[in-house]
Amino acid sequence: MSEHIEEMERAAGPGVAVRPMREADATRVLAIYQAGLDGGDASFETTAPTWQAFDAAKLPLHRHVAVDTATGQVIGWVAAGAVSSRCVYAGVVEHSVYVHPDHSGRGVGLALLTALIRSTEAEGVWTIQSGIFPENTASLRLDEKAGFRVVGIRHRIGCHHGRWRDVVLLERRSTVTGV
């Protein structure tokens with residue numbers, strides 16, 4: 001196990017546990033998703049999908065939730081979807097990570113990304129990528145802490161709430177898979 005992963009595992013503060021996402025988590029996961037979208041800097045999406053659409057888009061082995069151990073309530077989630085159906089990209093996924101605004105700054109996002117890195121590497125994924133608005137500095141810092149690097153900036157890639165937005169493309173290459 002890499003020293004960086006061990007350090008990331010210690011990042012979540014006390015009272016936070018990460019476990020696989022279950023269908024029973026759907027309502028809370030989608031509510032946290034919508035809260036992130038409502039902030040305006042999380043995604044080009046403006047409305048969280050139905051559970052059926054979410055379930056179809058995210059890879060089952062790479063969905064995790066963070067739970068407040070005192071309340072049992074889901075406080076964040078991470079999931080990954082395939083970037084392409086072409087076999088050459090079988091080891092490349094794109095991640096989404098959302099933490100309820102009331103629980104930011106507790107190390108929840110890093111704990112979730114650590115779980116995602118572990119699950120993807122165990123299944124032979126060699127690259128996790130992400131696209132983040134440059135204004136979303138918290139997400140950029142989170143990905144950097146998890147070992148992601150900036151690949152480039154996609155300028156004016158899409159129109160969001162009436163303005164053209166840039167997206168910073170990041171990736172994390174596995175140090176154990178595909179090397």
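I started with E135, which is partly exposed, as its relative accessible area is 40%. A reminder to myself: this is a predicted model.

*Entry one: E135 and its partners.* I looked up where E135 sits and found it in the loop between β5 (127–132) and α5 (137–145). E135 forms a salt bridge with R165, and the closest N and O atoms are 3.1 Å apart. R165 is in strand β7, so this pair links distant parts of the chain, 30 residues apart. R165 has a relative accessible area of 2%, so I put it down as buried. I also noted that D41 joins in: D41, E135 and R165 are linked in a network of salt bridges.

Next I checked R172, which forms a salt bridge with E121 at 3.2 Å between the closest N and O atoms. This pair also links distant parts of the chain, with R172 in strand β7 and E121 in helix α4 (residues 108–122), 51 residues apart. Are these two buried or exposed? R172 has 7% relative accessible area, so it is buried. E121 comes out at 18%, and under 20% means buried, so E121 counts as buried as well.

Then I went to E171, whose side chain meets that of R149 in a salt bridge of 2.7 Å, N to O. E171 is in strand β7 and R149 in strand β6, 22 residues apart. E171 is buried because its relative accessible area is 15%, while R149, at 47%, counts as partly exposed.

I found R156 with a positive phi of about 45°, although it is not a glycine. R156 is in strand β6 (residues 149–160), and its relative accessible area of 54% makes it exposed. H161 has a positive phi too, about 50°, and is not a glycine either. I located H161 in the loop between β6 and β7 (163–173); at 60% relative accessibility, H161 counts as exposed.

I traced Y89 to the loop between β3 (74–82) and β4 (92–99). Y89 has 36% relative accessibility, so I logged it as partly exposed.

Terms used
Residues numbered from 1 in each chain as written. Predicted model: local features only at pLDDT ≥ 70, side-chain atom pairs only at ≥ 80, totals over all residues. Heavy atoms only, no water. Helix = DSSP H or I, 4+ residues; strand = E, 2+ residues; numbered from the N terminus. Buried < 20%, exposed > 50% of the residue type's maximum accessible area, 1.4 Å probe, protein only. Salt bridge = Lys/Arg side-chain N within 4 Å of Asp/Glu carboxyl O.
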